Amino acid sequence: MSELMSEEINVIEDMEAATDFELKHTPYVEVSDVEAGRLVKVSIGLNGIEHPQTEDHLIDAICVLVDGDMVAELAFTADDEPVAECEVAAEGEIVVRASCNLHGIWQATA
Ligand SMILES: [Fe+2]
């Protein structure tokens, strides 16, 4: 099983009280309707706070789940921009997880 499914998951419970550390790790998710269902666009970091992408500290994976089933998983290196785009079905709860090599798994619900 992917580590994105098994490790402890970090979620911002209170956006008003979120720290920069939490904001820079949390996926930013945009969902729009398309002919085949929905288009999900993911980048990392909220409120313009960017996460580093270096050899020592980086976002190394993003996955998209619909109703708990993983429908997309991408891996990244320090040379990549950690963004993801995928089409999903019209129905179901969309959840996105991002993995930081130092700071674990971070989740957002669309
Ligand atoms: Fe990090």
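1. Two strands count as paired if DSSP finds at least two bridges between them. Strands (E, at least two residues) are DSSP runs, numbered from the N terminus. By that rule, β4 (residues 59–66) and β5 (residues 69–75) run antiparallel and are joined by six bridges.

2. This is a predicted model: local features need pLDDT of at least 70, side-chain atom pairs count only at pLDDT 80 or more, and totals for chains, interfaces and linings use all residues. Residues are numbered from 1 along each chain as its sequence is written.

3. Look at the β4–β5 hairpin. Two residues lie between the strands, and Asp67 takes a positive phi near 50°. Leu65 stands opposite Met70 in β5.

4. Next, the sheet. Five strands form an open sheet in the order β1-β8-β7-β4-β5, with mixed pairing. β1 (9–11) and β5 are at the edges with a single partner strand each, so one side of each has no neighbour in the sheet.

5. β7 (residues 94–100) pairs with β8 (residues 104–109) in the antiparallel sense, over six bridges. Here Ser99 stands opposite Ile105 in β8.

6. Now the interior. A nonpolar core is a set of buried Ala, Val, Leu, Ile, Met, Phe, Trp, Tyr and Cys residues joined through C-beta atoms within 7 Å; buried means 20 or more other C-beta atoms within 10 Å of a residue's own, with C-beta atoms placed from the backbone. The largest such core has 21 residues, and those with the most contacts inside it include Val42, Ile59 and Ile94. β4 gives the most to this core, with seven residues.

Note on methods:
Helices (H or I, at least four residues) and strands (E, at least two) are DSSP runs, numbered from the N terminus. A residue is buried if 20 or more other C-beta atoms lie within 10 Å of its own, exposed if 12 or fewer, and partly exposed in between; C-beta atoms are placed from the backbone.
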